[in-house]
Amino acid sequence: MRRVFALGENPVTTVLAMASIGSGRLCARVQEKLCQWGQYTRREAYSCVRTKIGSQTAPRVPQERQNEKHSQSLAATAASTVSAGCWHPCSRPEIAGTARSFSTMRTQQPGSLPEYQIDPYHLLEDDLKDVYIYIRDALRRGTYQDDLYEIATYYFDGHGKAIRPMVAILMARAINYHIYKEKSGLLSSQREVAMISEMIHTASLVHDDVIDQSDFRRGKPSVNVMWNHKKVTMAGDFILAVASIMIARLRNNDVTLVLSQVVTDLVQGEFMQLGSKETENERFAHYLTKTYRKTASLIANSVKSVTMLAGADEQLADVSYQYGRNLGLAFQLVDDLLDFVSSSAAMGKPTAADLKLGLATAPVLFACEKYPELNPMIMRRFQEPGDVERAFDLVHKSRGLEQTQYLAKQHCQEAVRLANLLEESPYQKGLIVAADYVLNRMK
Amino acid sequence: MKSLCKLFAACSKQTFRTSTLYTNTKIRMYKMDRRLEFSSVIKEAEKVVGYPVSFLNLRVILNDEIANILSYTKKLIEMKHPLVQTLSNLVFQNEQKTFGLIVLLMSKVAGLSGNFRESEYDRGTDILHSQRVIAEVIEMIKTGHLMHTSLSNIDASTKNVLDINFGNKLALLYGDYLLAISSSELARLKNHQVQQIISSALRDLAESQFFGLRDPQNNPIPSKPLPEQKDVKIPNEFGVEPLKFEDVLGNMKAEWTLRNILCSGSLLAKCCQGSLILADHEFFVPKLAYIFGRNLALAWQASLEKVQIKEETFSLVSAPVMLHLQHDPSLYTEIEKGLSDQKKVNYDLIRKVVMSGPGLDKTDQLKKEFSDTALNVLNNFSDSGSKTVLINIIKAL
């Protein structure tokens, strides 16, 4: 790992100290987050210098060039009154192929991005770094049996995108600021909701892996490969049970009802995936409902919960619910899109996975318009030899990918509009950037 | 529904070799006398609480979404997927423990403490609607858990991988569906303490599948008996803490007890406890219900296993076997073979050895120990019709 800072005499560290972020920690953490944002390695001159406010320039030394640019931008970060990261979410990494293929997919519109470049992960670093630790603690306290603990914590190693806790905590802080202004801190109950949402999500992943016989997830061998199906299923149940205990401990009836609804939605979404509908129109509606249940429901309901815990009224709770819902739908749409465009290395799991599982996702459903021969393939769930390849080709030939991107963009824009209803704050800006990230991510 | 019943009738005629899962029993005719006596006791009990609780299990089959998918059942039967056995048992209710019924009876025995509005309970039976929900929840959790244990582990040597995988998928989804519904029902009760306690019972159920040695299909195998058998007590856990198991593995009686507490005792105990909390009882009364539920479940399991040992295959961790091992560990060499493959075990030999040894008598003693504790708890409550029914159930075990 490259050392990004020159510690000590750097003016940054003093300012960072003021902002109470340990620079040593920041080092590794930012590095990791940069990977996740796909911003790694190249820091071009254009990246952030023009957006800084009241920067302090450090003396340039050739071998320190990399560090200097970075510390310059960090100086900007620290010096600005609003703490802001500097990673322009839309500058592309130089990973061949995928970068180029995405160049047509950008949704840059003047004025659609905030003035300050916010990195939500950077912003919430302190909150997020502990989420996985707390989750593992809660699971550890739930059992004395080591092998159960091992399976249960397999996916909680910090390699996930942590989108759900990130969005939940962003919303929590944004809402707290909206209602209470500077007097806002993060409630521990809100942090718990972030943990619970990640646990529910992971439990569903664990169960999905049993069904899908998947070999890879998040770049590591899936749980099945290492243990047996029955134990894995039980580990998933264990995580859910511990999450239920945590939900009950919140002692809030509304939140309990909302979060329990999520689990039901997840299962019903899975069931919907098993069945299939006859007509094209029905199919799309079916797909959207299934997508809501499987993905958006969790995000929407967890942001709604943190809002309720802040003491917000119904109207505000609804704003955050709709934000979460739109964000979740966009997230899944982009996920379905990425299944057709990205390569194995970037994603952590192989592509055309949905087709191979017999699932007709948005790009395929859109492509049906131009290529009706996809219809029988959908009905037989791509079981015939050659179906998967043919469908893959047809999707690329059609406008399916663009249309999916467009739909995702619509949802993101709606999410941004809703976020703009909240009082301005770095966290509120973070919500907007998160919507943008969801749209433009690569893995 | 009709075609479904026909399918199950067909599969009940064949005798499957059961896997040695705990809660699955073989479909065979038990001794007529005992069956009649027990089922008449249950019928009486059902009259007391107002309706046949046994049909709660059928909810899983009658739901629309699931009925759709049951068209795949025929294929599963051909493959002899464990899920089919489970579903058959549910439909034909052979000696299945009706926990929901016990919860309702216990609720009735304790009665209502505190003031409740007329809309909250049933005038005829004095049972709160929320208590009935607990009875439904316990059945759903039990069935859901059963579904999840009905998967079939797939490895390199498995044939028909896709079909077995599909069976696994169904079992997993049914189970998830039931568990999800039970959590939302629990949430609707709006009682945090009860929700916490029952979620911890769910956690115990999940833990039960990891406890002790397992074969490749995750069936339980006894641990090697320790040379010196200690009498380890498993404490009552009225809260949400997990149960410890140091000193338990290897002490045959304690191992059996803890295993069955995790598998069924904890669920019945905590649901009884929860039900009485809903009725606003004082602090110690729900605890009595916990003790009652736990001991009843253990006694019940012991009595079922005593009968099961006479079958072709039986659970290797059943009470007669475990208690025999306590007395004579040499049998373990035969049992150990089950660690790599169930089929290597000579069940006939084990049955012969156990039945000629003290295993059965000791099981009776064990059962009596738990039944007596349960009966003692009942003595704390005033006499009533439902109390008599519970006493009869315990005596009929």
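Where does A:R381 lie in chain A? In this predicted model, A:R381 is placed in the loop between α18 (374-379) and α19 (387-397) of chain A. Its phi is near 55°, a positive value in a residue other than glycine. A:F382 is found in the loop between α18 and α19 of chain A as well. A:F382 is not a glycine either, yet its phi is positive, at about 55°. Most residues other than glycine have a negative phi.

Salt bridges were examined next. Over all chains, the rule gives a count of 25 salt bridges. One pair joined in this way is A:R417 and A:E414, whose side chains meet at 2.9 Å, N to O. Both residues belong to helix α20 (residues 400-419) of chain A. A:R417 and A:E414 are three residues apart there, about one turn of the helix. Side chains of opposite charge can pair when their charged atoms come close.

The interface of chain B and chain A presents another picture. Zero salt bridges are found across it. Polar contact, in turn, is found for 13 residue pairs across this interface, with both residues at pLDDT 80 or more. From chain B, 52 residues are in contact with 40 residues of chain A. The area buried between the two chains is about 4,300 Å². Carbon and sulfur atoms give 67% of that area. Three residues, B:L173, B:H192 and B:F210, supply 18% of the area that chain B buries against chain A.

Several helices build the side of chain B that touches chain A. At least two residues each come from α4 (64-69), α8 (129-148), α9 (161-188) and α10 (192-208) of chain B. The largest share is that of α9(B), with 17 residues. By class, this side of chain B has 25 nonpolar, 18 polar and nine charged residues.

Within chain B, α10(B) also packs against another helix. The axes of α10(B) and helix α11 (residues 252-278) come within 8 Å and cross at roughly 175°. The two helices are therefore roughly antiparallel. On the α10(B) side, the contact is made by residues including B:Q193, B:V194, B:I197, B:I198, B:A201 and B:L205. On the α11(B) side, the residues include B:L262, B:C263, B:L267, B:K270, B:C271 and B:I277. Charged residues of the contact include B:D204 and B:E207 of α10(B). The residues of this contact divide into 11 nonpolar, six polar and three charged.

Key: Residues are numbered from 1 along each chain as its sequence is written. Chains are lettered from A and ligands numbered from 1 in the order in which they are written. This is a predicted model: local features need pLDDT of at least 70, side-chain atom pairs count only at pLDDT 80 or more; totals for chains, interfaces and linings use all residues. Side-chain values use heavy atoms; hydrogens and water are left out. Contact means heavy atoms within 4.5 Å. Buried area is the accessible area (1.4 Å probe) that two parts lose on being put together, summed over both. A salt bridge is a side-chain nitrogen of Lys or Arg within 4 Å of a carboxyl oxygen of Asp or Glu. A polar contact is a pair of N or O atoms within 3.5 Å; within protein, one must be able to donate a hydrogen and the other to accept it, and residues adjacent in sequence count only if both atoms are side-chain atoms. Helices (H or I, at least four residues) and strands (E, at least two) are DSSP runs, numbered from the N terminus. Axes are lines fitted to C-alpha atoms, for helices over the stretch in contact, and angles run from 0 to 180 degrees between N-to-C directions. Angles under 35 degrees count as roughly parallel, over 145 as roughly antiparallel, 65 to 115 as roughly perpendicular and the rest as oblique.
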